[in-house]
Amino acid sequence: MKYEYSSVIPIIVLAYVVFPLLILSGIRKIYIKKVKPSQEFFAKDETTILKGICIMIVMFTHYGNRMKPQSLMYWYNMFGYLSVSIFLLISGYAMYIQYQKKQKAFFEHFLINRCFRMLFPFVVISVVMSLVNRIPLIKFCYNLITLQIPRGKDETFGVTWFLVAMLFFSICFYFCFKYMKEKQALLVMVVLSALYMIVCIGLKCGVWWYDNSFCFAIGIILARYRQKVLEFMEKLKIPVFLLSGLAIGVFVLLMGKRGMNENIVVLTACGFCAIACIVSLFNMITMKSRMFTVIGNMSWEVFLVHSTVQISIYGEKVQQPGYSIIFVIIVVLIVSCLIYRIDNYATQLFCKYGKRKEGI
């Protein structure tokens with residue numbers, strides 16, 4: 001359903017003025033002539049902040065998609081999927097870094113814990129929304145099996161394609177790096193990313209569901225050859241940043257033309273440029289932001305609830321006050337925080353129970 005706001009100024013100011021200023025305020029150090037310490041590149045704190053920034057962009061994108069007319073928010077459409085590319089990049093990168101530190105111990109209970117952490121909040125939200133909307137038990141079970149979060153009595157909202165992708169790549173990572181040599185595992189992950197894309201094309205899933213599937217494998221490659229990438233970036237970080245940023249601008253303008261926003265070649269090329277831009281940028285800056293750290297930690301919960309909360313608040317009403325979107329965002333962050341705390345508590349109990357069962 002499209003929502004028509006009495007004024008688009010509040011969301012435009014929030015997305016194009018307040019949000020960028022908050023990002024800029026998080027920059028603590030700039031390394032133009034100096035070399036950024038390698039241990040600080042894509043450190044956990046920074047990737048968490050980056051996830052917080054990306055999930056806010058995804059939120060603005062989805063909210064902009066539901067505006068009528070879209071006005072300037074149309075341009076956020078072009079950056080929403082790039083944020084998903086960065087999410088996948090960070091996930092692949094972080095997973096390999098953890099594996100590198102722990103080696104075989106990394107895989108102990110990996111699949112069970114990973115699946116629980118991703119699926120538990122999905123189940124919690126599905127149960128709550130099904131009760132609120134009085135979804136019949138059979139339909140609730142169908143939504144659960146097909147990984148769809150109910151948004152109303154007769155509808156489902158398919159935001160959970162990303163959940164399917166993350167489950168798929170997590171399982172692939174587990175089997176590849178546990179049972180193969182590293183170089184073979186890397187090659188197989190690249191091949192599986194391509195196969196995932198081909199299958200999605202064959203099933204006609206929609207271009208937004210697969211154009212960035214390669215980013216998870218690139219994240220692993222970036223982590224595997226991290227030192228070489230950093231050495232390369234020492235001399236070329238500024239040219240890479242400028243050229244990749246310029247290329248993204250060109251691709252965004254291209255995608256503004258009819259039909260080009262679903263062109264797989266353009267989308268894939270833009271995804272590669274986004275990765276190059278982010279990697280070079282984080283070779284030039286260090287970020288610290290308590291707000292984006294908090295949002296980044298609960299980014300999974302925000303992803304799962306943000307559209308459902310908007311639909312629940314607005315209901316069937318088309319006319320909405322312009323400032324109401326700010327209220328929606330506040331509610332999303334509060335609900336996400338509560339679910340995040342429940343998730344953490346449940347995960348800790350789940351892990352303790354697993355250890356007790358084994359007598360550890």
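Start by selecting Arg117, Glu301 and Asp343, which are linked in a network of salt bridges (a salt bridge being a side-chain nitrogen of Lys or Arg within 4 Å of a carboxyl oxygen of Asp or Glu). Before zooming in, note that this is a predicted model, in which local features need pLDDT of at least 70 and side-chain atom pairs count only at pLDDT 80 or more, while totals for chains, interfaces and linings use all residues. Residues are numbered from 1 along each chain as its sequence is written, and side-chain values use heavy atoms, with hydrogens and water left out.

**Stop 1: the salt bridges**

Show the side chains of Glu301 and Arg117: their salt bridge has an N to O distance of 3.0 Å. This pair links distant parts of the chain, with Glu301 in helix α12 (residues 299–314) and Arg117 in helix α4, 184 residues apart. Helices here are DSSP runs of H or I with at least four residues, strands are runs of E with at least two, and both are numbered from the N terminus.

Asp343 sits in helix α13 (residues 324–358), and 226 residues separate it from Arg117 in helix α4.

Which of these residues are buried, and which is partly exposed? Glu301 is buried at 0% relative accessible area, and Asp343 is buried at 1%, whereas Arg117 is partly exposed at 22%. (Buried means under 20% relative accessible area, exposed over 50%, and partly exposed in between, with a 1.4 Å probe and protein chains only.)

For another salt bridge, select Arg224 and Glu182, which meet at 2.9 Å, N to O. Arg224 lies in helix α8 (residues 214–224) and Glu182 in helix α7, so this pair ties together parts that are 42 residues apart in sequence. Arg224 is partly exposed at 25%, and Glu182 is partly exposed at 23%. The count of salt bridges comes to four.

**Stop 2: the nonpolar core**

Next, select Phe42, Phe60, Phe162, Phe173, Phe177 and Phe216. Of the 94 residues in the largest nonpolar core, these touch the most other members. (A nonpolar core is a set of buried Ala, Val, Leu, Ile, Met, Phe, Trp, Tyr and Cys residues joined through side-chain atoms within 4.5 Å.) Helix α6 (residues 161–179) supplies the largest share of this core, with 12 residues. There is also a second, separate core of 13 residues, and Leu82, Met255, Val266 and Leu267 are among them.

Centre the view on Phe173. Leaving aside neighbours within four places in sequence, Phe173 is in contact (heavy atoms within 4.5 Å) with residues including Met95, Phe106, Met189 and Ile220.

**Stop 3: aromatic pairs**

A pair of aromatic rings is described by the distance of the centres and the angle of the planes. Rings of Phe, Tyr and Trp (its six-membered ring) pair if their centres lie within 6.5 Å; planes under 30 degrees apart count as stacked, over 60 as edge-to-face and the rest as tilted. The count comes to 34 aromatic pairs.

Select Tyr99 and Phe173, an edge-to-face pair with 6.2 Å centre to centre and 85° between the planes. Tyr99 belongs to helix α3 (residues 77–102) and Phe173 to helix α6, so the pair ties together parts 74 residues apart in sequence. Both Tyr99 and Phe173 are buried.

Compare Phe169 and Tyr196: their ring centres are 5.4 Å apart and the planes are at 50°, so this pair is tilted. Phe169 is in helix α6 and Tyr196 in helix α7 (residues 182–202), so the pair ties together parts 27 residues apart in sequence. Phe169 and Tyr196 are both buried.

**Stop 4: a loop and a strand**

Select Gln103, in the loop between α3 and α4 (110–132). Gln103 is partly exposed, at 37% relative accessible area. Its C-alpha atom is separated by 9.4 Å from that of Phe177, 74 residues apart along the chain.

Then select Gln320 in strand β6 (residues 319–320). Gln320 is buried at 8%, and, not counting residues up to four places away in sequence, Gln320 touches Tyr3, Glu4, Tyr5, Ser6 and Tyr314.
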